[in-house]
Amino acid sequence: MPRRRDPAAPRVVHRTARVALRVTPGQRRRCFGLLRSAGDVWACVLEVNAWRRRRHDAPLVGYQQLCRELAASGPGTFAELDCAGARSVLRRFSDAWFAAAKRRSAGDVSARFPRRRRGLVPVRWYHGTFALDGLRVRIPTAKGSAPLWVRLAREVPYPVEQVRSVTLLCEGGRLFLDVTAEVPVAVYPPGEQPDPARVAGVDLGIVHPYAVAGPDGEGLLVSGRAIRAEHRMHLADTKARRRAVARRAPKPGEKGSRRWRKYRRRARLVEGRHRRRVRQAQHEAARGVVSWAVRERVGVLHVGDPRGVLDIAAGRRHNLRLRQWQIGRLLQVLTDKATLAGITVRLVDERGTSSTCPACRRRVPKPRGRTLSCPHCAFSGHRDLVAAAIIATRIPGGGSTTPAAVVLPEVVTHRRAGRHLPGAGRSRRDPRRPAHDRAARGSVGPRRPAPPPGGESLAPKARIHNTHRKPGER
């Protein structure tokens, strides 16, 4: 019988923090051995289902069925990987299979069942199977193996009693531990909690990851130009590295040299660092939106869902920009932080919001810049803020009809995402960017004071004047 939740108990949400591991060569070898053993479990399930498919039998995809097969294999089959870690791999396979089956039953023919082998598969251990002691974590191993204690690079941001699971994984050649904890939803003093009657619209974009229009003429613009520059500089740096090693690359079928292995390892490290930088900038942007919403006592966020543009082929360059946009991650990060703050997030249809005049409701040509100008009623305003204001009036699950009351922001707060990125501030120069002067090559530029915490801009609040003139006026 399912356990019922106590109505008087505080609401909790699951949060995950990624912490790097500081391991010795021996510990690194054992951790990668656990990941490879998990890959063997994944490959074993694929092989068993391939045999059953050739015999025209039903596949083994249920979690309980897979656990019975694992128990029949006997102890010690997968080296130092214990039973709890192997079951987490089986759970991952079962969830992936049923998710693909659900998508295919809904008519998505592009959904594919898990049939590809993996060399390294993340391993998860649940509460009671691992030990967390400050900066040290004991990773469970098979019976008869030596205990495996590893050291964390930083403190876990959650109390020990709230931690529910840890996941060992590899990204860019480095070992990480994903720590998942049950965090209670924020509780506010009386009169300061978010008001469900106050709704704000959120427009997702590339130049501005989040543009928010509040109910009282307040707005927020989060600049993502540093994130876009990081993607561009990383792509240019990757192309330059490939051109530099193209001549000395081994031929197909030849064994790579030590120099080639060192280059590949360096490429993996650079790729992992790029992903971590972008991920941190996205979290900073979402945190700025949620902090602004808490100050304005916004209880509901209507977020425009632009994921339909991913199905439209728009050319090689623009398709790359859309993939680097990472719409799903922006939505997920914003939803997680808003839920923790007690704010509800609802997805609405955002079609036509950036090309509709809020004054006369007519379609206008999509501008190339940030200013939307209506040729019919001479309205002029910020394109992203206009879209966010229209999104705030739309109903989740409804069409693209918009009521008459559209509150346009007049006072806008500016924030920057990615202040930690090289080249984003004046105190640190991006080493990947070519110097304009040969004498200044390698210079970091003049030292400037550090930005204030939270990513706030040093500039004061800006007032945006949305003008509305009658036809024929100047």
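# Briefing: pockets, cavity and salt bridges

By class, 14 nonpolar, twelve polar and 16 charged residues make up the lining of the largest pocket. The structure is a predicted model. Besides the largest pocket, with about 1500 Å³ of space, the model has a second largest pocket of about 1100 Å³ and one cavity of 30 Å³ or more. The structure also holds 14 salt bridges, some of which are described below.

**The largest pocket**

- In total, 42 residues line the largest pocket, and those nearest its centre are Ile206, His318, Leu322, Trp325 and Lys366.
- Two or more lining residues come from each of strand S8 (195-204), helix H4 (225-245), helix H6 (316-325) and helix H8.
- Helix H6 provides the largest share of this lining, with eight residues.

**The second largest pocket**

- The lining of the second largest pocket consists of 26 residues, with Thr16, Ala17, Arg18, Arg279 and His283 nearest the centre.
- At least two lining residues are supplied by each of strand S1 (12-22), strand S7 (174-184), helix H5 (258-295) and helix H7 (327-340).
- Helix H5 gives the largest share, seven residues.
- By class, this lining has 13 charged, seven polar and six nonpolar residues.
- Arg18 and Arg279, named among the residues nearest the centre of this pocket, also belong to a network of salt bridges with Glu171 and Asp178.

**The cavity**

- The largest cavity holds about 40 Å³ of space.
- Its lining is formed by Glu230, His234, Asp237, Val270, Arg273, His274, Arg277 and Arg432.
- Helices H4 and H5 each supply at least two of the residues that line the cavity, and H5 gives the most, with four.
- Five of the lining residues are charged, two are polar and one is nonpolar.

**Salt bridges**

- Side chains of opposite charge can pair when their charged atoms come close.
- Arg103 and Asp108 form a salt bridge in which the closest N and O atoms are 2.7 Å apart.
- Arg103 counts as partly exposed because its relative accessibility is 44%, and Asp108 is likewise partly exposed, with a relative accessible area of 27%.
- A salt bridge also joins Arg307 to Asp305, with 2.9 Å between the closest N and O atoms.
- Arg307 has 39% relative accessibility and therefore counts as partly exposed, and Asp305, with a relative accessible area of 24%, is partly exposed as well.
- In the salt bridge between Arg370 and Asp384, the closest N and O atoms lie 2.8 Å apart.
- This pair links distant parts of the chain, 14 residues apart: Arg370 is in the loop between strand S12 (344-349) and strand S13 (371-373), whereas Asp384 is in helix H8 (residues 383-392).

Notes: Residues numbered from 1 in each chain as written. Predicted model: local features only at pLDDT ≥ 70, side-chain atom pairs only at ≥ 80, totals over all residues. Heavy atoms only, no water. Salt bridge = Lys/Arg side-chain N within 4 Å of Asp/Glu carboxyl O. Buried < 20%, exposed > 50% of the residue type's maximum accessible area, 1.4 Å probe, protein only. 1 Å grid on protein atoms, 1.4 Å probe; cavity = no way out; pocket = protein on both sides within 12 Å on 5 of 7 lines; lining within 4 Å. Points joined across faces, edges and corners; volume = space filled by probe spheres on them. Nonpolar A, V, L, I, M, F, W, Y, C, P; charged D, E, K, R; others polar.
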